[in-house]
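Visitor: Before the labels are used, I would like to hear what they stand for. Please start with the picture and then take the terms one by one.

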Amino acid sequence: MAKGQGIAIVTLTRPGLQTALQLAHSLSEGTTIFIPADLAPSVRPEIWDQLIVVSYSGPLSLFLGQIFNEYRGLILVMAAGIAVRALSPHLVSKNADPAVVVVDVGGKYAISLLSGHLGGANELARRVASLLGGQAVITTASEVQGLPPLDLVARELNMSVWPAASFTKVMAALVNGETVDLLVEKSLLKSLEEALPSLRPRLLTGCPAGGEGRAGIMVTWRRLPLPGPRWVYWRPQVISAGIGCRRGVPAGTILYALGLALREAGLSRRSLAALASVDFKGEEPGLQRAAGRLGVKLLTFTPWQLAACMERKPHLHRSERVNRYIGIPGVCEPAAILAAGEGELIWPKMSYRGVTVALARAK
C-alpha cells in the first residue's frame, strides 16, 4: 500500500493542542491538526483561518484507522501507551506503515515509534524535537549503535530487498556484532563502497560458498543461489526489456515470453526497470497491462530513434519482414538499449509465441 502525503498532528487535550499549534506553525505546508469535537470550541477563531484544524468524533483508534494511510507521517501528541493501543489494530509492516512520532503534551520528548528508518520517523522525531526545544528519543538498534541502516541504504540506492524475512536476520547479525558479507557486481562496487564502507564490499565473481552460519547480502541482477538462510538479495533496477508484438497480443503472452527470456538469460525479474517498444505500440492494452502487473515503466521510442540506434550498433539483429511492415529493421533490441540509457545488450532478440524480447542492462 502506498504511503500518503503530508503530516497529521493528532491530539486529545487542551495542553496537547497548544503543542500541536506550535508545531503546525513551524512545520511546512501540508500539515493538518486533528482534535476531538469537544475541543473545537477552545480553538480561537483566527486559528481556523491560519491553520488546517479538523475536528473528529468517536473512538481514537477508529479515527486513526481512517487516516492511517492518508499521511506520510503522524505526530500523536499524547501518552505513548494511548498511542500504541490505538494504533495496534492498523499496523501492517515497516514497508507500508507511515512514520509515527509520539510527543508528550509538554513537548519535552519526541519518540520515534513506528517506521524509524524506511518511514522517516527517526528524522521526523529529530525535527519535531528541534522545533519544540525538546529531545528526540530514537530506539532503533542500528541507530543507537551507530551502525548503517541497511534498509534505508537499499532504498536510497533504488534496490529491492528479498526475501524480507531473511533481511531481519541480516540486520540482527549486524547488531550482534557478527560479520556480514557484502558481495557486489563489479559495476556497482564503487557505489556500495561509498554507501557502506564499514562492511568492506567485495567483488561477486560467481556462486558464493556458504560459510557456516554466516550472514550476507548479494547485490546482483543475476539468478544466483543464496549461500544460506541468513542471506538476502539486493536487486538493482538495471534491466530493460525491449518488446515487439503483434496487435492485440494479451498481457499473459507477453509476460510468459518475458519470463522465459529472463530465466534463460539468468536474470532476476526483480531487477527489471522497464518495458520498451516502438511508439505506436504504446497504446497496446496487453503491453500496458504487462507493465502494470510487473510494476515497471513502459517506455516508447519513435521509429527514427530506433533506426538511429541500429545505425550506431551494426551488430544488432535485422529483419526484412519487420522492415517491410513498420519501416525499420528491428524493434526489441534497440528499444531495450535505449530504455537502458544506451546500455549493453545482454540477451539478443528471441521470439516466443509471437512476441520478441531482448534484454539490456544499464551501464
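Guide: A crossing is left-handed if the near helix is turned anticlockwise from the far one by less than a right angle, and right-handed if clockwise. The model is predicted: local features need pLDDT of at least 70, side-chain atom pairs count only at pLDDT 80 or more, and totals for chains, interfaces and linings use all residues. Residues are numbered from 1 along each chain as its sequence is written, and side-chain values use heavy atoms, with hydrogens and water left out.

Visitor: Which hand does the crossing of helix 10 and helix 11 have?

Guide: That crossing is right-handed. Helices (H or I, at least four residues) and strands (E, at least two) are DSSP runs, numbered from the N terminus.

Visitor: Why are helix 10 and helix 11 called oblique to each other?

Guide: Their axes come within 8 Å and cross at roughly 60°. Axes are lines fitted to C-alpha atoms, for helices over the stretch in contact, and angles run from 0 to 180 degrees between N-to-C directions. Angles under 35 degrees count as roughly parallel, over 145 as roughly antiparallel, 65 to 115 as roughly perpendicular and the rest as oblique. Helix 10 and helix 11 are therefore oblique.

Visitor: What makes up the contact of helix 10 with helix 11?

Guide: Contact means heavy atoms within 4.5 Å. Among the residues that meet are Ile 254 and Leu 258 in helix 10, and Leu 287 and Arg 289 in helix 11. The contact residues divide into seven nonpolar, two polar and two charged. Here Ala, Val, Leu, Ile, Met, Phe, Trp, Tyr, Cys and Pro count as nonpolar, Asp, Glu, Lys and Arg as charged, and the others, Gly among them, as polar.

Visitor: Why is Leu 199 called buried?

Guide: Buried means under 20% relative accessible area, exposed over 50%, partly exposed in between (1.4 Å probe, protein chains only). Leu 199 has a relative accessible area of 10%, so Leu 199 is buried. Leu 199 lies in the loop between helix 9 (189–195) and strand 10 (202–203). Leaving aside neighbours within four places in sequence, Leu 199 touches Leu 150, Leu 174, Val 180 and Leu 182.

Visitor: What makes a set of residues a nonpolar core?

Guide: The set must be buried Ala, Val, Leu, Ile, Met, Phe, Trp, Tyr and Cys residues joined through side-chain atoms within 4.5 Å. The largest such core has 50 residues, and Leu 150 is one of those with the most contacts inside it. Helix 10 (residues 251–265) gives the largest share of this core, eight residues. A second, separate core of 29 residues includes Val 43 and Ala 110.
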